[in-house]
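Colleague: I would like to learn how to read this model. Please take me through strand pairing, confidence and the ligand shell.

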Amino acid sequence: MTMDASSRRAVLAAGAGTAIAGAAAGLTWASRPAAADGASGAGATAADDGIVAFRGAHQAGITTPAQDRLHFVALDVLTEDPEELRSLLTAWTRAAERMTYGAEAAPGGAVGGGPFQAPADTGEALDLTASHLTVTIGYGPSLFDGRFGLEGRRPEALRELPAFLGDDLDPARSGGDLCIQACADDPQVAVHAVRNLVRMGFGVVAVRWSQLGFGRTSSTSTAQVTPRNLFGFKDGTANLKAEDPAAVDEHVWVAPEDVPGGAAWMAGGSYLVARRIRMHVEIWDRTPLTEQEAIFGRDKKVGAPLGTTDEFAPIDFQRKGADGEPLIPMTSHVRLAHSSTLDGVKILRRGYNFTDGTDGQGHLDAGLFFIAFVRDAHRQFVPMQRSLARADVLNEYIEHTGSALFACPPGLADGQDWGTQLFA
Ligand code: HEM
């Protein structure tokens with residue numbers, strides 16, 4: 001069942017008339033969809049009404065089947081008052097939860113707050129459905145630098161990523177105290193979510209950088225068809241998938257033993273690595289097909305490992321061609337990123353394509369906004385990226401222009417909010 005176009009208004013009307021506090025999130029039972037209760041937080045609700053459960057053991061937007069669109073924002077905290085930050089996080093929780101089930105950011109919304117005050121919702125999503133919106137929050141290493149008394153709560157693994165060979169990072173597109181990842185099947189719903197959260201944070205936080213993404217470049221569920229990146233190749237074939245919970249537990253969720261002491265709040269969370277990777281599409285588009293396929297180690301049409309015809313065939317790195325050379329070249333992307341060459345390391349990829357206009361020199365500023373979720377970025381992403389940075393032939397066509405690392409806390413239980421979760 002899909003939410004009808006007037007859902008946001010209907011939810012608002014129901015909420016306005018019923019004063020029972022349905023949750024600490026400030027929702028009313030009348031406005032709270034039944035499907036939002038007791039769901040896992042990982043996927044769409046059973047009836048798939050376009051609503052992804054907001055609460056659960058883990059935050060939504062990680063193993064949730066990747067939606068089509070992304071609005072990602074990194075923010076810096078302006079206030080030095082921990083209490084201001086804590087109450088913003090609490091207010092954000094309420095608004096994010098409301099928006100994920102298709103309601104406006106706050107009661108009163110775009111037009112119900114009276115003519116003499118600025119509306120409590122910006123309004124551009126009024127007639128739109130929930131669109132599988134997920135809002136995922138993350139905290140950068142700098143948030144734990146002592147300004148807010150959080151030093152003792154910093155997880156050991158939340159430390160800046162090292163520099164990698166070939167990095168061309170723009171500080172204005174890197175780092176951040178906080179991040180919000182909004183994914184939805186409708187771009188306007190994702191943008192609306194970020195915009196309203198940023199608006200609520202006026203004076204407390206400021207946008208450091210932001211990225212729009214279209215066309216997911218990964219499947220995170222076996223139920224999804226593998227999408228393509230801007231080089232035209234299927235991307236996400238060998239990704240970790242939600243249907244393999246043992247692998248997800250091993251590689252994505254932070255275990256209690258990873259975060260002893262003050263960092264225990266992070267158990268059940270995951271680290272988000274963001275890399276803005278420019279893809280020089282003009283050079284790629286002049287590269288012969290066989291060379292393109294050798295660079296990835298997979299064929300372009302089906303996405304099958306070279307020498308096979310099935311997209312999901314296991315990759316046999318020993319196999320040699322008629323010339324005696326390995327069918328999957330030693331410097332191919334999939335060989336260098338494969339767990340068998342990295343002591344078993346795997347990551348959950350959840351990136352998006354982007355085009356941000358032109359570079360001013362007659363080229364598209366296009367690429368992959370790479371997002372990965374991992375249990376420990378320094379043990380997983382770092383060795384993998386080192387291996388790629390050193391030898392991947394793909395490097396001739398790409399350039400990493402932005403980078404950030406965030407700790408995404410676990411999901412929220414009923415009555416919990418991001419403020420109390422972080423500050424305890
Ligand atoms: C613009 C940059 C990139 C492009 C265009 C790209 C594209 C691809 C493609 C087409 C595949 C094969 C299909 C698949 O299994 O998903 C792949 C696989 C993979 N990529 Fe990338 N990728 C990029 C950057 C990265 C980065 C930065 C990392 C991590 C540091 C990474 C990690 C992986 C992994 C782990 C695999 C699966 C390898 C396997 O187990 O077979 N990729 N990528």
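Colleague: How many bridges join β4 to β7?

Modeller: Strands are DSSP E runs of at least two residues, and helices are H or I runs of at least four, numbered from the N terminus. Two strands pair if DSSP finds at least two bridges between them. Here, two bridges join β4 (residues 205-216) to β7 (residues 352-358), and these strands run antiparallel. F214 has N353 in β7 as its bridge partner.

Colleague: In which sense do β7 and β8 pair?

Modeller: Antiparallel, over five bridges. F354 is bridged to G367 in β8. The two strands form a hairpin with five residues between them, and G360 in the turn has a positive phi of about 85°.

Colleague: What is the mean pLDDT of the protein chain?

Modeller: pLDDT is the predictor's confidence in each residue, from 0 to 100. The chain mean is 90, and 89% of residues reach 70 or more. Over residues 9-42, pLDDT stays under 50. Where pLDDT is low, the predicted coordinates should not be read in detail. This is a predicted model: local features need pLDDT of at least 70, side-chain atom pairs count only at 80 or more, and totals for chains, interfaces and linings use all residues. Residues are numbered from 1 along each chain as its sequence is written.

Colleague: How many residues surround the ligand?

Modeller: A residue is near a molecule if its C-beta atom, placed from the backbone, lies within 6 Å of it. The ligand is surrounded by 28 residues, the closest being F233, T237, A238, A337 and L368. Elements giving two or more residues to this shell are β5 (270-279), α7 (333-337), β8 (364-374) and α8 (381-391). The largest share, four residues, comes from α8.

Technical notes
Contact = placed C-beta atoms within 7 Å.
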